[in-house]
Amino acid sequence: MSSKEKPTLGGTRIKTRKRNIAAPLDPAAFSDAVVQIYLDNAGDLELVAKSLESSDLNFSRYGDTFFEVIFRGARTQPGTTKPDEGERHPYGVIDCEAKREVILPSVIYLQKILRRRPFLIKNLENVMQRFLQSLELFEEDERKKLAIFTALAFSQKLSCLTPETVLHPLLKDNLVAKGLVLSFITDFFREYLVDNSLDDLISILKRGKMEDNLLEFFPSTKRTPEALSEHFKKEGLVPLVEYSEKKIFEVKLKEMKSALTTQIAEEVDVSEVIETAKQHVKDAKLPDVEVVRILWDVMMDAVQWSGKNQQQNANSVLRQVKAWAELMNAFCTTGKLELELMYKVQVQCYEDAKLMKLFPEIIKSLYDQDVVAEDTILHWFRKGTNLKGRQSFVKALEPFVKWLEEAEEEE
């Protein structure tokens with residue numbers, strides 16, 4: 001083995017990489033600094049905003065703390081909504097009067113701040129979600145202020161605050177069960193509708209995927225359409241009741257249509273289909289006119305179309321009318337309903353190219369199956385009020401009407 005010394009790196013200086021040394025979090029100092037700005041400017045939000053703009057405060061690091069100070073006048077204790085120890089100011093949203101004109105300046109003030117620092121929107125969402133999920137920790141008057149603030153935030157389109165970040169956190173079982181969510185959302189609806197239309201409110205509910213789920217805001221013991229209508233009527237929100245009833249009505253119609261479509265596709269006995277339809281009408285209290293329209297739609301949806309072969313399409317439609325005439329007869333019980341069926345056929349023939357030339361044949365088939373009476377056809381021919389395709393359909397039906405009139409004279 002060689003006795004030579006191995007080379008060394010003696011005398012060579014090895015450079016060490018500098019590491020970033022993170023400064024410890026100090027939300028208390030940040031909170032005190034913001035509170036002091038409020039106190040120095042006596043809560044004047046214009047002056048506060050200017051002071052914040054010229055400050056060197058680290059908003060990106062303490063965004064949540066910043067909004068806690070805006071709402072509560074100080075940063076809050078972990079896991080609570082109560083102010084922590086340290087400086088506090090009396091100009092927070094929770095400390096002001098529960099009036100929209102008093103809270104609105106805070107919303108506008110926040111809008112200005114978020115335009116300059118859009119990265120803070122996530123912090124606003126964090127704080128709002130935390131507060132809304134802790135409604136039981138607020139007094140009744142404080143919850144009302146939160147509801148007013150939330151309504152005004154949406155009304156002012158506060159930096160694209162999204163409905164799902166506000167509505168979904170509310171649906172905690174314990175909050176819903178205590179009725180706190182219903183009280184909050186009622187105040188929210190009332191305040192929002194002061195400056196906005198029902199359509200605007202529905203748009204928010206749709207974006208939050210809540211337009212069909214208003215009952216989820218109600219305690220389980222009161223989760224019925226009747227309770228919903230009674231509550232919102234009592235609170236003066238009649239348009240919301242009408243909207244809800246319309247949505248429920250549409251769901252009931254859809255359920256009926258789905259059930260009948262399945263039975264007709266499976267060629268269930270007509271008496272069973274009639275019984276199913278009657279049960280849905282009874283349970284949902286559906287108006288006769290809507291029932292007649294649905295029955296016709298279901299019948300036509302089940303037709304097997306054959307492309308461009310007009311004769312085959314005509315045969316398929318007429319077979320369907322004949323096969324389910326008993327179903328139509330069970331519900332077309334008055335001249336008014338028979339006329340409504342004729343209008344339904346008229347509109348569909350006008351809007352569907354496959355049916356355009358079949359109008360007189362369909363009407364004749366309905367007459368032959370005793371679904372539509374002679375008087376109804378003559379009334380439609382002479383005094384019909386629906387103008388869709390009427391001129392051409394009247395002309396097409398003229399030979400049949402002439403035959404009816406001649407038969408009437410002979411009798």
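Predicted model: local features only at pLDDT ≥ 70, side-chain atom pairs only at ≥ 80, totals over all residues.
## Helix α6

Now for α6, residues 140-155. Its end C-alpha atoms sit 23 Å apart, which agrees with the 22 Å that 16 residues should span at 1.5 Å each. This helix is mostly covered, with 13 of its 16 residues buried. After α6 comes lysine 157, which has a positive phi, near 55 degrees.

## The largest pocket

The largest pocket holds about 550 Å³ of space. Its lining runs to 22 residues, and those nearest the centre are Pro225, Glu245, Ile248, Phe249 and Lys252.

Which helices each supply at least two residues of this lining? They are α11 (225-234), α12 (238-265) and α13 (270-284). The largest share, eight residues, comes from α12. Sorted by class, the lining has ten charged residues, nine nonpolar and three polar.

## The second largest pocket

Here there is about 270 Å³ of space. The second largest pocket is lined by 14 residues, with Ile264, Glu267, Ala302, Gln320 and Trp324 nearest its centre.

Helix α12 turns up again: α12 and α15 (310-323) each supply at least two lining residues. It's α15 that gives the most, with four. By class, the lining of this pocket divides into eight nonpolar, three polar and three charged residues.

Technical notes: Residues numbered from 1 in each chain as written. Heavy atoms only, no water. Expected span 1.5 Å × (residues − 1). Buried < 20%, exposed > 50% of the residue type's maximum accessible area, 1.4 Å probe, protein only. 1 Å grid on protein atoms, 1.4 Å probe; cavity = no way out; pocket = protein on both sides within 12 Å on 5 of 7 lines; lining within 4 Å. Points joined across faces, edges and corners; volume = space filled by probe spheres on them. Nonpolar A, V, L, I, M, F, W, Y, C, P; charged D, E, K, R; others polar.
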